[in-house]
Amino acid sequence: MTSPTPAILPERGLADRLTALFWRHPRLLLAVLLTPPLLWLGVVYLGSLFALLLQSFYSIDEFSGMVNREFTLKTYAELFRAQNLDIIIRTLVMSAAVTIGCAIIAFPIAYYAARFARGKWKAIFYLGVMLPLWSSYLVKVYAWKLILAKEGIITWAADGVGLSMILNAILAIPGIGGNSLSTSPLGTFIVFVYVWLPYMILPMQAALERVPTSMLEASADLGASRAQTFRTVILPLAMPGVIAGSIFTFSLTMGDYIIPQIVGTSARFIGLAVYQLQGTAGNIPLAAAFAVVPIVIMLIYLTIAKRKGAFDAL
Amino acid sequence: MTAAVEFLRVSRHFGPASAPVKAVDGVDLTIAEGSFFAMLGPSGSGKTTCLRLISGFEKPTGGTIRIFGQDVGDIPPNRRNVNTVFQDYALFPHMNVRDNVGYGLMVKGVDRRTRDTRAEEMLSLVKLEGYGDRKPAQLSGGQRQRVALARALVNEPKVLLLDEPLGALDLKLREAMQDELKALQSRLGITFVFVTHDQGEALSMADSLAVFNEGKIAQIGTPAEVYARPRTRFVADFVGSSNVLPPEVTRAFGGPLKWSSLRPEMLRVTAADGVALAGTVTGIRYLGAGSRLSVALNGTEVAALLPAGQPVPEPGATVGLAFDPSALHVMEGEG
Ligand SMILES: Nc1ncnc2c1ncn2[C@@H]1O[C@H](COP(=O)(O)OP(=O)(O)O)[C@@H](O)[C@H]1O
Ligand SMILES: [Mg+2]
């Protein structure tokens, strides 16, 4: 008895020929897929990073203002001058504070979304987290300037409920306070936390989503309190997500030059320093050296995180 | 003897009160201290929910649960000295095997050295000496299962709950683990509550077992009792795939006008002539240790177990069936 369908089906054209080609040479498809992005990454991305690095080893002639294309560490030494070191430390402290602030606010939101939100509520969560990203960054920052201003809604609300004492007490704290929220480091901090928060919530939520409920039950089953479960199971398992989020918040804060200009004291941050050095001052080598600082800090940060076992759960 | 676990009219309903899913419905149950108790039933019959009611991860919507005489209605899981071997093992992926096993002691504040010593003891109990430094991801399924067991035993629980612990293992390993678990239980004297959907496993391991059907207990007793005298049609069929005979057929087989159960291995296949019961062979299933014949007789299908070595009739052949009248078990229960 012969069946009407053949054992081997005929080739249907180009799509089938390509499928056959890739089946015979599995590496070929990989090569085709990877070549364009690797070229982009290798040439455009790493290439420009390398060019930047190169610039930082040049120096500027103090009298002529011309770039001296000779290898020197002089420019890097300049970073350690009091006024430049000040910028670096201020940026570092702000980035760390913003990262911690984001992590603390993001955790309960991410935890709720990963553990409890289902169906419609999950959609609302994603919408709620992403919606602020759809409007212009500048609009948001200027909106915050108005909110935080002396005549703004926060001062008004604090007056209304009789909490202006507390607001004034906070503004009186040296180092973080100021004339008003919009001209204080605290204001800068608040705006940074606001704009980068989604970048912390999303990776955290993804990490928490991967922690099975039975893991938490096993912990409670073995006698752990909620706090112990959080410390010994949830946090370590969510750590890769927290680190991923902190890479965003940390490096975005370190590189930003707009928010500190609009909200806060006019004290400079790395981003602003780079902006001014490459523009008005025309000191490209120092600007490049400044730009290398966040890269080095991130590398140190990730090395420490790895040593501490932050990626053990990956 | 004290009761390790007692259920008094316990229910756990899910969903809206108008159309509840009755996962557990009015269950009465007493598990004796030191016994190996099996909960047997098809998937979705409420076994896991019962286990979670004991460990405290579910709260009953009705009834009372007592553990060693104490009402646990208000006691959270971490304060119940009851430990669980989870179906997916739930080992902590970021800790090595030693820290996984020592976890229960760590959260109690036991110092590192004592913890590690105890963890090693537990690992040797489950025959995993020297595996302490590995991560769970570096272990086979059977080894993970043992780590989960060691981790659950480290706290010296009063009751150990096991949710289909052998379900993910292959047959050979499963049989070896069945023997080991049984031996471990009699050595430690801890009450084991063992959930399974495998009737062979329940019969061979348990001191007593409860057969679950749709959130209710269909029968509770020793394996021999349940096997020999199933109370309901469901139990007869689920435990050992018995022939469940409707009233008329029971009468034709020489019994009263009631539902009855007749084990396939109790039926002898004979020549067709001169016997009261004769039927046509409609199917033969080769089982290795014998064959299972389906015989159409009096309008019902009856299964008979033919031991290996006996001549196997052809399909369509007429055969006679004989049995000891005491093997016909009349069931009093409904359903
Ligand atoms: N959290 C829950 N929400 C809703 N229904 C549930 C929940 N847990 C269990 N059920 C239902 O209860 C019934 C019994 O489930 P389960 O106890 O897991 O059965 P088994 O372990 O015997 O397979 C099933 O119908 C299941 O769908
Ligand atoms: Mg189950």
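1. Let's start inside chain B: the C-alpha centres of domain 1 of chain B and domain 2 of chain B lie 38 Å apart. Domain 1 covers 3–236 and domain 2 covers 242–330, with bounds from an automatic or database domain assignment. Seven residues from each of the two domains take part in their contact, where contact means heavy atoms within 4.5 Å.

2. A word on the background: this is a predicted model, in which local features need pLDDT of at least 70 and side-chain atom pairs count only at pLDDT 80 or more, while totals for chains, interfaces and linings use all residues. Residues are numbered from 1 along each chain as its sequence is written, chains are lettered from A and ligands numbered from 1 in the order in which they are written, and side-chain values use heavy atoms, leaving out hydrogens and water.

3. How much area do domain 1 and domain 2 of chain B bury between them? The value is about 660 Å², with 52% of it on carbon and sulfur atoms; buried area is the accessible area (1.4 Å probe) that two parts lose on being put together, summed over both. On the domain 1 side, B:Tyr227, B:Arg233 and B:Ala236 supply 75% of the area buried against domain 2, more than any other three residues.

4. Between these two domains of chain B there are zero salt bridges (a side-chain nitrogen of Lys or Arg within 4 Å of a carboxyl oxygen of Asp or Glu). Helix H7 (223–228) and helix H8 (233–238) of chain B each give two or more residues to the side of domain 1 that touches domain 2. H7(B) provides the largest share, three residues. Helices here are DSSP runs (H or I, at least four residues), and strands are too (E, at least two), numbered from the N terminus.

5. Now for the partner chain: 24 residues of chain B are in contact with 19 residues of chain A. Together the chains bury about 1700 Å², of which carbon and sulfur atoms give 59%. B:Asn78, B:His94 and B:Val107 supply 31% of the area that chain B buries against chain A, more than any other three residues.

6. Which side chains meet in a salt bridge? Look for B:Arg52 and A:Glu217, at 2.8 Å from N to O. The interface of chain B and chain A has one salt bridge. Among the elements giving two or more residues to the chain B side are helix H1 (47–55) and strand S6 (82–85).
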